[in-house]
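Here is a short report on the strands and helices of one model. Please look at the sequence and the 3D view before reading on.

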Amino acid sequence: MAHEEAVQVQKPAEEVVVVAEVSSGPEKPLPANVDSVPVPESEMPPEKEGDSGEETAPKDSENENMKEETTIASELPETHKKALQEFRKLVQDALRNHEFSDSPPKEDAKTKTEEKKTIGSCIEKEDTSSEPSVQSEESQTDDGAKTVEAIAETIIAVSTSEDAKTSVQSNTSPENQQPEEAVSIWGIKLMEDDKTDVILLKFLQARDFKVKEALTMLKNTINWRKEFKIEELLEEDLETGSEWERVVFMHGHSKDGHPVCYNVYGHFQNKDLYTNTFSDEEKRQRFLRWRIQFLEKSIRKLEFTPGGISTIVQVNDLNNSPGPAKWELRQATKQALHLLQDNYPEFLAKQVFINVPWWYLAVSRMTSPFLTQRTKSKFVFAGPSKSAETLFKYIAAEQVPIQYGGLSKDGEFGTADSVTEITVKPSAKHIVEFPVTQKCILTWEMRVVGWEVSYGAEFVPSAEDGYTVIIQKLRKFGNSACEEQVVCNSFKITEPGKVVLTIDNHTSKKKKLLYRLKAKPSLD
């Protein structure tokens, strides 16, 4: 990116001029903005006629960012430190005792045989050393039986006591020590390095730092992964998966560096896709396996280092998504919610719902009891008119796909070319100037979210006797789907001057202007 905003000059009341400097060096990414407290669309005030028309995303008087809770042990509160230390010890003991296995370790057969021989030998010795008795034969038999039982009980008790005394020595003995169980989760071997702390903290956070509950959750997750055959699933070639790649995909990163996953439910309006995905239990299970495979592969790309990125931002596009009457989709969603919450704790940095229809809030209340309060606190809802602005609070415009109001697409610019965001006031003309002092080819792309404005571009030479060149004649851009989403212009500059962009907002609503530019040396 080759520009930086310099000075904003207030012209007469309705006109704003922004002067931007042009250079050939890369521009640094925009600073990470802050996000907001989630507010359901139903609680957002409706837009009024004659009002500023600004599409207001959820706000809070005190801004917060999307930084996840610390995963550095030394930075934890004291109570959390103690919980983590206790959890580490319990996990270490569980690995040593093979508690994560399907069945407990079998006792050594050799030890059992030797114990039986010792008991038999002692009983035999006691019998041969006993004195003759003057009691009756029956009494001798009874007493003899009792004596044998007593000897056996005594020997077993002594043997158990001795085992307890020497357990540490026998366990540490190379020939007797059982190898510690090796357990991995999301590609991380437990207790191998400090990445384990990041994983353990996820389970602790999911159970409010109740250590025993966190251990139970971890064990259940490990067992589920074995039953679901996660490792085999990662290598499985799910041929039908290509049908779902438009429904679920990863694209870009948030302002805090979290990978962003998009779920586009509107594609399920396609009857064939819906039938092939949800019409029976077998197909629903196949989709669920594909979705878990996709999630597993995405998770394994996370850092899992203390202080690193170990969560994902999810964007759920509900535009044209099947309604609540679709029983099969509801069943699949309910099953997935249970599974994900039970076995993938604390992987969400933020869950953003965009293009939320009126019926969704009612459905969300039905699924809400299945979610923890901690999970629900990460949810953000936005209606169609607020979706783009809400996304920009968490994801920079250069990282947002063009279908969601951003500038991320294949072409001249990439995600490394940062975008300038400007608010165009209602019933106002906004002018952006790019001064140029050397010969070059200047390229820029821009869009206004929702459009309904007029846009034009021209080159004005610095020389008084120079002629203004019209690059883009001022014309109105509507908001229909057939209108151009992004305008890209290029102009060869042969003399000092400036490129002037004009955005004329005729509406009573504020508009979001996005633009970026770069200059390449001209060979002529």
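Helix α9 lies across β5, β6 (259-264) and β7. Its direction is about 20 degrees to β5. Axes here are lines fitted to C-alpha atoms, for helices over the stretch in contact, and angles run from 0 to 180 degrees between N-to-C directions. Helices (H or I, at least four residues) and strands (E, at least two) are DSSP runs, numbered from the N terminus. Helix α13 (residues 387-394) lies across β7, β8 and β9, at about 165 degrees to β8.

This is a predicted model: local features need pLDDT of at least 70, side-chain atom pairs count only at pLDDT 80 or more, and totals for chains, interfaces and linings use all residues. Residues are numbered from 1 along each chain as its sequence is written, and side-chain values use heavy atoms, with hydrogens and water left out.

## The sheet itself

The open sheet has five strands in the order β5-β6-β7-β8-β9, with mixed pairing. Two strands pair if DSSP finds at least two bridges between them. The edges are β5 (248-253) and β9, and each pairs on one side only. Neighbouring strands are turned by 20 degrees against each other on average, direction ignored.

Strand β8 (residues 348-354) is mostly covered. Seven of its seven residues are buried (under 20% relative accessible area, with a 1.4 Å probe and protein chains only). Six bridges pair β8 with β7 (residues 312-317) in the parallel sense. Lys350 in β8 faces Val313. Strand β9 (residues 379-381) also runs parallel to β8, over three bridges. There, Gln351 stands opposite Phe379.

## Where α8 meets α9

Helix α8 (residues 271-278) packs against α9 (residues 281-299) at an angle of about 95 degrees, with the axes 5 Å apart. The two are therefore roughly perpendicular (65 to 115 degrees). Contact means heavy atoms within 4.5 Å. On the α8 side it involves Thr275, Asn276, Thr277 and Phe278. Helix α9 brings Lys283, Arg284, Arg286 and Phe287.

## A second sheet

Four strands form another open sheet, ordered β10-β17-β12-β15, and the pairing is antiparallel. Its edge strands are β10 (420-424) and β15 (487-493). The twist averages 25 degrees from one strand to the next.

Strand β12 (residues 440-448) and strand β17 (residues 511-521) are joined by nine bridges and run antiparallel. Trp444 stands opposite Leu517 in β17.

Conventions. Angles under 35 degrees count as roughly parallel, over 145 as roughly antiparallel, 65 to 115 as roughly perpendicular and the rest as oblique. Buried means under 20% relative accessible area, exposed over 50%, partly exposed in between (1.4 Å probe, protein chains only).
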